[in-house]
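Please open the structure in a viewer and keep the selection panel at hand.

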Amino acid sequence: MRFLHAADVHLDAPLRGLEAREGAPVEELRTATRRAFQHLLALALREQVDFVVIAGDLFDGDYSDVRSWAWTAKEFQSLAQAGIRVFLIRGNHDSLGGSSRQLRWPENVHEFRGDRPDTRILKHLGHLDVAVHGQSFPARAVTEDLAAGYPDPVPGAFNIGLLHTSLSGDAEHEPYAPTRPEVLKLKGYDYWALGHIHTLRRVHEDGPVILYPGCTQGRHVHERGEKGCVIVTVEGRGVRDVTFHALDVVRWERLTIDLGPDDDRDALLDRAEQRLADLQAAAGRPLAVRVVLRGRYRAHHALVVEGGLADLRDQLDVIAHGLGAVWIEHVEVRTSPPLDLNQRRAAEDLVGELLRDLDRLQSGDGDDLAAVMEEALGPLRHRAGRELQQAGLRLSDSEVMRQWLAQAEGLIADAFANLESGA
């Protein structure tokens, strides 16, 4: 028996970040969530799954736009013709509380109610009965633990819990229908099909499987990488396999380019072109890329102070256009100016004084250095000597200490240069 688990389709949600860019693929961006949904349906048909579960936020907003709902209902009918049923719940974006109309899905689609959890049973799928339990969001903000009120598992069946939730302790997401993995495990179900988190996340993999498939289409640069759904294969009462399938139409990526003091503009552009080409080849679909520049770059002042960023952006746009189906979403500059240690060492300030002190320590003989370091690090050796020895950190070795001091010199100078440049 196999089923498809998806969530967070967000139909008709805008893709943010490229709207103002000249030459941006407006139509491709506008229809991306719909086409990713069509990829989902095509996958279900191609893989001949027994049914589909959608764990909330099928729509980006409520169902008040009847045309969007009607388009979706017609798409679901392609599954009906193949005998594939769909079970869905509403999440915080498309909650029942936001709906102004009562709309009827095709007969193969079951939407769970919002006032209490409900159960639907499928008979004789691969000699197995399947019980799907779920509850829609009655309102956008659901703060109680819905999972705690789900019914007991159906004896002898493969039990699936369909839930839109943020697990407790997740500081990155709103606490909608928050619950804990322990609550889900104790419920006695075989699989928890979760939604709300937009990245693939395997919360628990062995009795029961608890999983977020992520969203089907990234909407902005913070939803990077491949997006899609999973197909779950069940043997007996156990999950044999969970396979991820990419569905996204436009993929968001972040490209970090490390620069050094010897790199010029041509080196930057050559590196960017090669890395963008590699990303495009790996993705196999249109890309929206945020480029991040970092490191000690000789042209830092020209970029940040002299307004050279706009020119660089134009050159990166030309490179992206030449590759085809690649767009630069934003160029983020995190570079700092090259560092002249000799100049900093001669300065009559705190940094210069620290660097000169490090020089004196490194230029002294081994005994002097060992004595100074023993005074500084003796308490650490006393408290954690065995652990340090096991880790290969020999605090009595003057050569090791000189290496550490040389590294400290660069770190101190770097830290103050970053502070001064605002990096």
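Begin with strand β14, residues 287-296, which runs parallel to β15 and is joined to it by 10 bridges. Strands (E, at least two residues) and helices (H or I, at least four residues) are DSSP runs numbered from the N terminus, and two strands pair if DSSP finds at least two bridges between them. This is a predicted model, in which local features need pLDDT of at least 70 and side-chain atom pairs count only at pLDDT 80 or more, while totals for chains, interfaces and linings use all residues. Residues are numbered from 1 along each chain as its sequence is written, and side-chain values use heavy atoms, with hydrogens and water left out.

Within this pairing, select glycine 295; its bridge partner in β15 is threonine 335.

The three strands form an open sheet in the order β13-β14-β15, with parallel pairing. Because β13 (251-259) and β15 (326-336) stand at the edges with a single partner strand each, one side of each has no neighbour in the sheet. On average, neighbouring strands of this sheet are turned by 15° against each other, direction ignored.

Now select helix α5, residues 265-283. Helix α5 packs on the sheet and touches β13, β14 and β15, contact meaning heavy atoms within 4.5 Å. The direction of α5 makes about 150° with that of β13; axes are lines fitted to C-alpha atoms, for helices over the stretch in contact, and angles run from 0 to 180 degrees between N-to-C directions.

With both helices displayed, where do the axes of α5 and α7 run relative to each other? They come within 10 Å and cross at roughly 35°. To inspect the contact, show the side chains of Arg265, Leu268, Leu269, Ala272, Glu273, Leu276, Ala277 and Gln280 in α5, which meet Asp311, Leu312, Gln315, Leu316, Ile319 and Leu323 in α7.

Leaving aside residues up to four places away in sequence, threonine 72 touches Leu11, Phe37, Leu58, Phe59 and Trp105.

Finally, display the whole chain, which has 11 helices and 15 strands. Of its 423 residues, 47% count as buried.

Technical notes
Buried means under 20% relative accessible area, exposed over 50%, partly exposed in between (1.4 Å probe, protein chains only).
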